[in-house]
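Me: I'd like to learn how to read a fold from its coordinates. Could you walk me through it, feature by feature?

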Amino acid sequence: MFQVTVDVLLKDELSINGTREVNTCGNNAIRKERAKLYEGALIQESIEDENLLDYIRVHKIELWNTGEVPKYWTVIFFTSDTPNFPELASRALIADHQKVGNPEEKAIVCHECRMQGILDNEMNWSE
């Protein structure tokens with residue numbers, strides 16, 4: 001099904017032999033298309049509503065060993081020409097409420113923002 005040997009599926013770590021440009025993968029290679037309006041990577045385990053996958057063209061899928069829980073992430077590299085894709089994605093992704101409002105992490109982020117010249121009143125995101 002995945003067109004790989006069993007040992008690749010059973011390894012704890014995967015080695016990748018190079019990468020391919022988006023325009024040389026799948027349907028884009030046939031049509032000689034460049035990237036669409038949006039391109040990026042999604043972690044499949046963070047998608048709550050899998051209907052989001054109907055709005056993307058998948059170019060590559062990788063399995064990443066995180067060394068944590070979960071042990072693996074399934075990373076989907078995609079393009080999409082759906083104009084409201086960011087809004088669709090924001091509704092389809094799992095909100096990790098455990099990490100929201102962490103004061104130590106917020107202090108680190110605010111410090112880095114100040115180093116980039118961002119004013120405190122521009123860092124007024126909700127907790």
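Me: What share of the contacts with a separation of 6 or more comes from residues 24 or more positions apart?

Reply: Start with the term: a contact means heavy atoms within 4.5 Å. In this chain, residues 24 or more positions apart account for 56% of the contacts with a separation of 6 or more. Before we go on, two notes on the source: this is a predicted model, where local features need pLDDT of at least 70 and side-chain atom pairs count only at pLDDT 80 or more, while totals for chains, interfaces and linings use all residues. Residues are numbered from 1 along each chain as its sequence is written, and side-chain values use heavy atoms, with hydrogens and water left out.

Me: How many helices and strands does the chain have, and in what order do the elements run?

Reply: Helices (H or I, at least four residues) and strands (E, at least two) are DSSP runs, numbered from the N terminus. Here you get four helices and three strands, and from the N terminus the order is α-α-β-β-β-α-α.

Me: Which way do β2 and β3 run, and how many bridges join them?

Reply: Two strands pair if DSSP finds at least two bridges between them. Strand β2 (residues 57-65) is joined to β3 by eight bridges, and the two run antiparallel. Within that pairing, Glu-62 has Val-75 as its bridge partner in β3, and Asn-65 stands opposite Tyr-72. The hairpin of β2 and β3 has six residues between the strands, and there Gly-67 takes a positive phi near 75°. On to β1: β1 and β3 also pair in the antiparallel sense, over six bridges, with Ala-41 partnered by Phe-77 of β3.

Me: And how do I read a core? Which residues make up the largest nonpolar one?

Reply: The general idea is that in soluble globular proteins, nonpolar side chains tend to be buried together. Buried means under 20% relative accessible area, exposed over 50%, and partly exposed in between (1.4 Å probe, protein chains only). A nonpolar core is a set of buried Ala, Val, Leu, Ile, Met, Phe, Trp, Tyr and Cys residues joined through side-chain atoms within 4.5 Å. The largest one here has 10 residues: Leu-42, Ile-47, Leu-52, Ile-56, Ile-76, Phe-78, Phe-85, Leu-88, Ala-89 and Ala-92. The elements giving two or more residues to this core are β3 and α3, and the largest share, four residues, comes from α3. Take Leu-52: beyond its neighbours within four places in sequence, Leu-52 is in contact with Leu-42, Phe-85, Leu-88, Ala-89 and Ala-92. For the chain as a whole, 17% of the 127 residues count as buried.

Me: Is Thr-82 buried or exposed?

Reply: Buried, because its relative accessibility is 14%. Thr-82 is found in the loop between β3 (72-80) and α3 (85-92). Apart from its neighbours within four places in sequence, Thr-82 is in contact with Leu-37, Tyr-38, Tyr-55 and Leu-88.
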